[in-house]
Amino acid sequence: MYPTKYHKPGSVPDAVALLAGSEGAKVLSGGQTLLPTMKQHLAAPGDLVDVRGIAELNGISAGDGTVTIGAATRHMDVATSADVKAHIPALAALASGIGDPAVRAMGTLGGSIANNDPAADYPAAVLGLGAIVVTSKREIAAEDFFQGMFTTALEEDEIVTAVRFPVPKRAGYSKFRNPASLYAMAGVFVAETGGAVRVAVTGAGEDGVFRHDGMEAALSSDFSAGALDGVSISEDGMLSDIHGTAAYRANLVKVMAKRALANAG
Amino acid sequence: MTDVKMTVNGKTVSREVPDTTLLSEYLREHLRLTGTHVGCDTSQCGACVVHVDGRAVKSCTVLAASLDGADVTTIEGVAQGGELHPMQAAFNTHHGLQCGFCTPGMIMAGIDMVNRYQAEGRELTQSAIRHELEGNICRCTGYHNIVNAIEDAAGQMAGMSKAAE
Amino acid sequence: MSDGIGARVARKEDKRFLTGKGKYTDDFRVENQAYAAFVRSPVAHAKITGIDASAALAMEGVIAVHTGPEMKDDGIGDIITGWAITSKDGNPMQCGVWNPMVTTYARYVGDAIAVVAAESQDIARRAAEMVELDYEELPATVFADKALADGAPQVHENVPGNLIFNWEIGDEAKTEAAMAGAAHVTTLDITNNRLSPNAMEPRSAVAIYDEAEDHYTLYTTSQNPHVARLVLSAFYQVAPEHKLRVIAPDVGGGFGSKIYIYPEEIACLWASMKTGRSVKWTSDRSEAFMTDAHGRDHVTTAKMGFDADGRIVGFHVDTIANIGAYVSLFATATPTYLYGTLWSGTYDIPAIYGTVRAVHTNTVPVDAYRGAGRPEATYMMERMMETAAREMGMDPAELRRKNFIKEFPYQTQVLLQYDSGDYFTLLDMAQKHAKVDEFPARKAEAAQRGKLRGIGYSTFVEACGLAPSAAAGSLGAGVGLWESAEVRVNPVGTVEILTGSHSHGQGHETTFAQLAADRFGLPIDNVAIVHGDTDKVQFGMGTYGSRSGPVGMSAIMKALDKVEEKAKKIAAHVLEASEDDIVIEGGEAKVAGTDKKMGWHEIGLAAYTAHNLPDGMEPGLKETSFFDPANFSFPSGALICEVEVDPDTGVTEVVQFTAVDDFGTIVNPMIVEGQVHGGVTQGIGQAMLEQVVYDEDGQLITGSYMDYCMPRAADVPAFTLDHGCTPSPLNPLGVKGCGEAGAIGAPPAVINAITDAIGTNDLQMPATPLAVWTALQGAKTPMAAE
């Protein structure tokens with residue numbers, strides 16, 4: 001790794017000040033994506049701002065038709081949380097499938113969505129549930145937050161503090177994993193929330209997570225796997241690599257959407 | 001450089017380390033606990049798994065500087081006194097290791113999964129074990145005996161915690 | 001006896017591995033050591049016109065930067081090939097020169113150009129990135145079947161058309177005639193996919209130069225420390241043998257990749273002399289993908305001719321083998337004498353002929369990887385047989401039975417003579433274990449769930465226990481392939497066995513000890529195995545090619561024979577009896593039919609106090625044997641794989657895997673089963689998951705575990721194993737090698753099962769979900785990234 005300076009602020013304002021004060025500063029949360037890129041010399045932030053110890057970034061609470069998860073909450077804790085399992089079981093299931101057990105013991109929600117890896121799982125849930133991303137400066141709607149592969153609306157000195165998920169009427173997630181990396185090659189989050197149906201797809205699109213109009217329209221009138229039979233999933237804009245051609249990914253999107261529906265309560 | 005104070009295998013250790021020091025490097029080079037191994041550079045192989053504050057984590061993907069106050073257990077700290085931990089003994093009985101390089105990570109992952117399943121009241125079946133081993137790669141054994149070893153140890157560890165009640 | 005031959009003895013060596021006290025090369029630290037990192041070619045083919053190390057040298061903590069031309073000027077030799085192959089036109093093979101570090105041309109991504117020595121690994125790696133290269137990029141040849149095309153870029157000036165050799169085996173005229181008269185000919189185009197061995201321990205070296213003694217010590221991840229010493233000394237000119245100590249301590253897996261003596265070890269030794277500091281280098285996984293020898297990579301067209309009853313009348317093979325940018329140590333033997341000689345498989349085939357063209361490409365050098373040539377042969381044979389059965393409407397097991405060899409020893413049409421075997425029994429047992437008769441019901445049940453079930457066979461025989469030295473030499477080997485053992489009985493009766501074999505997971509510290517425990521009735525804890533250090537152990541050839549059983553153990557048995565003979569003489573003298581009446585068992589020497597006896601430890605004491613030895617007998621009790629096998633050993637097996645394919649995604653689950661193997665005598669069944677589990681898993685990996693992928697510019701696409709898919713626990717089932725036994729008549733124990741069998745036999749069983757499930761035979765390895773789904777759509781499998 002290239003040399004870096006480690007900081008452990010005790011509060012959000014302190015963390016923001018550190019980010020603002022240094023050109024190459026990056027937030028360190030679970031480190032499960034940032035540290036590997038630093039090890040490969042693909043990233044070399046001069047300052048690391050470790051936010052895991054900040055109290056307000058930790059914890060899960062439920063109430064008022066929402067579940068709010070602190071940005072530094074680990075995947076393993078989301079997966080086993082009584083509140084999440086009770087109100088949004090699809091989210092707990094999604095968290096339980098990220099990476100592997102040791103990665104889930106460290107990786108965090110905030111770290112995952114701030115990175116916006118096109119094959120990460122959480123973006124599908126955040127977009128699929130129409131969640132609100134709460135930051136140190138403002139609240140950002142999911143569709144405004146994700147702006148393309150590895151790109152979000154976050155400013156240089158802005159950190160995610162929590163994500164507020166509305167409790168859906170029903171929701172399900174299913175993903176097809178890259179056999180080597182275990183990241184999503186097609187992960188589909190289907191949810192009916194507040195009377196509207198959303199279908200969010202991760203892992204398949206060149207620009208990162210996206211909503212699928214065709215599937216949303218079909219499921220709005222008939223929330224069942226059969227309703228998707230007539231929907232065509234275009235190959236355009238799909239990722240293509242040695243693990244899956246665009247055509248294969250398009251196929252996977254539909255298959256995973258149907259399985260997500262089967263998982264939806 | 002950051003001052004880090006951790007408990008490692010029950011002993012308090014204080015060191016000043018370069019900020020880029022990974023926990024795996026801290027253990028192997030600074031503390032000379034070379035039982036934790038590094039087998040890949042993409043956080044997948046699991047040879048580096050240790051326990052931090054009671055959870056299995058990949059020591060190659062966490063900075064030592066971020067672990068001030070943490071309680072760390074490595075493979076060197078698993079045996080109780082002179083006696084092998086049931087997980088270690090089971091790996092021997094079932095021939096769950098050949099070259100031994102992935103073994104420390106397998107044992108730490110094995111103990112962790114048994115602990116978690118016991119705490120959640122879930123049954124650790126052979127299928128569940130194979131699933132929980134997704135973060136641990138072995139090239140020698142074909143996993144057959146590792147799965148048997150973990151299943152056997154799980155039974156013994158359940159027996160032990162019942163006896164302790 | 002509980003610790004003897006045939007017993008499931010738990011491993012003695014486990015304790016250190018289970019408690020984190022193993023000593024692998026990277027665990028060693030020498031005081032004041034420097035760390036090395038390598039500057040490597042970023043492109044597949046280039047002429048290096050300038051190396052500017054000034055920025056690197058200016059970094060704090062950087063000690064030195066040294067290049068390939070400097071290494072050559074210091075007299076370090078080029079990397080050798082160990083097996084000379086003659087082309088069918090009588091000409092010797094043509095190979096490109098392999099400088100350990102590039103002197104002018106870089107020929108693959110990863111080719112070492114310079115070595116940086118620094119105070120820490122981190123500094124060395126960052127400094128290596130600061131070294132600036134000026135180079136002229138050249139066109140690259142990447143794929144085996146393209147390397148021979150007109151106009152393909154040439155990898156080496158002295159190897160026209162990239163053709164290293166065009167080798168043949170068998171009888172061309174006889175085979176052509178046989179094929180012409182065949183009632184049915186099955187033709188198959190087969191790819192054997194390129195793999196990376198991926199032992200979990202990355203390669204590492206610690207080189208220590210003692211200036212006062214002009215002596216080098218090298219700790220290295222090696223399967224054969226003595227061979228490393230020989231080659232480093234005689235060919236790479238690092239130091240004369242007696243001034244070079246090579247230690248291979250605990251080694252975390254090899255699978256062939258740690259046989260070779262790589263540029264990195266040579267560079268570390270040389271750099272330690274240049275800098276006056278000990279030099280340590282440890283690979284990371286990404287570096288391993290571009291430096292550890294790759295395996296396999298054959299493109300083949302094979303034709304098998306049958307008569308009207310389904311008996312094979314002839315077999316014709318045409319293979320192109322990708323050797324890579326340089327010819328590695330065993331690289332020429334793997335696609336010739338370890339491949340072509342197995343083209344009879346388990347079948348009685350009256351006419352066989354084929355050619356192998358070996359080619360250079362701008363890729364990582366390819367060499368032996370678990371099975372080395374035999375997986376390639378078996379995959380081809382067993383895919384042919386299954387395909388032929390399907391084409392002729394015959395049951396694949398029955399087609400095999402019709403053609404199995406019945407009588408042994410069996411002289412094949414391709415040099416080898418199989419010692420013993422009984423393939424019928426193995427296949428019968430496998431079918432019983434796999435409950436093949438109930439498969440149709442399982443298939444129907446799966447279909448109700450929307451899944452496709454298939455079953456596939458593989459029967460194999462292979463030649464291992466490398467190798468009879470004279471035979472190997474006559475075929476072009478540069479070395480003999482015997483093995484050595486010294487058995488030392490200590491004065492108070494404990495035994496040490498110094499073996500030229502090396503254990504990097506095979507359990508020799510236990511299995512070898514079982515031999516002495518069994519012979520003399522000693523507790524196994526009283527027997528220690530010493531290996532891996534050229535200062536301690538006599539010259540040995542190391543462990544690969546499933547030779548530690550048939551050859552390594554045989555050397556021990558012969559040495560034990562000599563020890564037993566002398567021990568009996570001593571006992572007879574002390575007990576005043578005839579030598580013929582002495583029986584050694586249970587840790588004692590007894591006079592048969594009496595109660596006169598003496599303890600084993602007393603024999604040792606008698607030998608070393610020498611107060612009362614027979615006239616003319618030298619004191620001491622220590623014997624050596626160098627065992628040269630008379631032939632290879634020929635293990636065999638019948639494997640049955642059952643899969644369930646999800647047609648929506650192409651995902652294949654291996655629901656059942658049965659392997660019934662014949663390894664002759666089994667010294668420790670637990671150890672042997674472990675070898676089969678591991679070998680089969682690597683075979684499943686090859687068949688379904690793993691592939692080294694290059695793009696057309698020679699860039700490595702699969703450069704880490706993010707893209708190279710290693711088999712995990714959830715990818716394989718629990719295995720059903722059983723054994724037949726036809727001992728080898730050619731070594732004292734009757735042992736046949738077992739280490740590679742799983743990797744040899746498994747891949748075709750898997751692909752035969754998947755093709756059975758999906759109803760199309762057009763499928764190459766690896767049968768990834770993408771490949772299987774694509775095959776189901778009826779399209780051709782895509783071969784590379786788009």
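Predicted model: local features only at pLDDT ≥ 70, side-chain atom pairs only at ≥ 80, totals over all residues.
Two strands pair if DSSP finds at least two bridges between them.

Entry 1, strands in chain C. I looked up strand 19 (residues 483-489) and strand 25 of chain C and found them antiparallel, joined by six bridges. Opposite C:Ser484 I found C:Phe626 of strand 25. I then sorted strand 25 (residues 622-627) of chain C by face: C:Glu623, C:Ser625 and C:Phe627 lie on the covered one. C:Lys622, C:Thr624 and C:Phe626 make up the uncovered face.

I checked residues 12-21 and noted A:Val12, A:Ala15, A:Val16 and A:Leu19 as buried. These residues are on the same side of the helix, because they span an arc of only 95° around its axis. The general rule is that an α-helix has 3.6 residues a turn, so residues three or four places apart point the same way. For the cover over the buried residues of helix 1, I listed strand 2 (25-28), strand 3 (47-50) and strand 8 (160-166) of chain A among the elements included. On the face turned away from the buried side I found A:Pro13 and A:Gly21, both exposed. At the N-terminal end I noted A:Ser11 as the cap, with a side-chain oxygen 3.2 Å from the backbone nitrogen of A:Asp14.

Is A:His212 buried or exposed? I count A:His212 as buried because its relative accessible area is 11%, and the cut-off is under 20%. A polar atom of its side chain lies 3.0 Å from the backbone nitrogen of A:Met215. Setting aside neighbours within four places in sequence, I found A:His212 in contact with A:Val199, A:Val231, A:Ser232 and A:Ile233.

Conventions. Residues numbered from 1 in each chain as written. Chains lettered and ligands numbered in written order. Heavy atoms only, no water. Buried < 20%, exposed > 50% of the residue type's maximum accessible area, 1.4 Å probe, protein only. Polar contact = N/O pair within 3.5 Å; in protein donor to acceptor, adjacent residues only side chain to side chain. Contact = heavy atoms within 4.5 Å. Helix = DSSP H or I, 4+ residues; strand = E, 2+ residues; numbered from the N terminus. Arc of directions from axis to C-beta.
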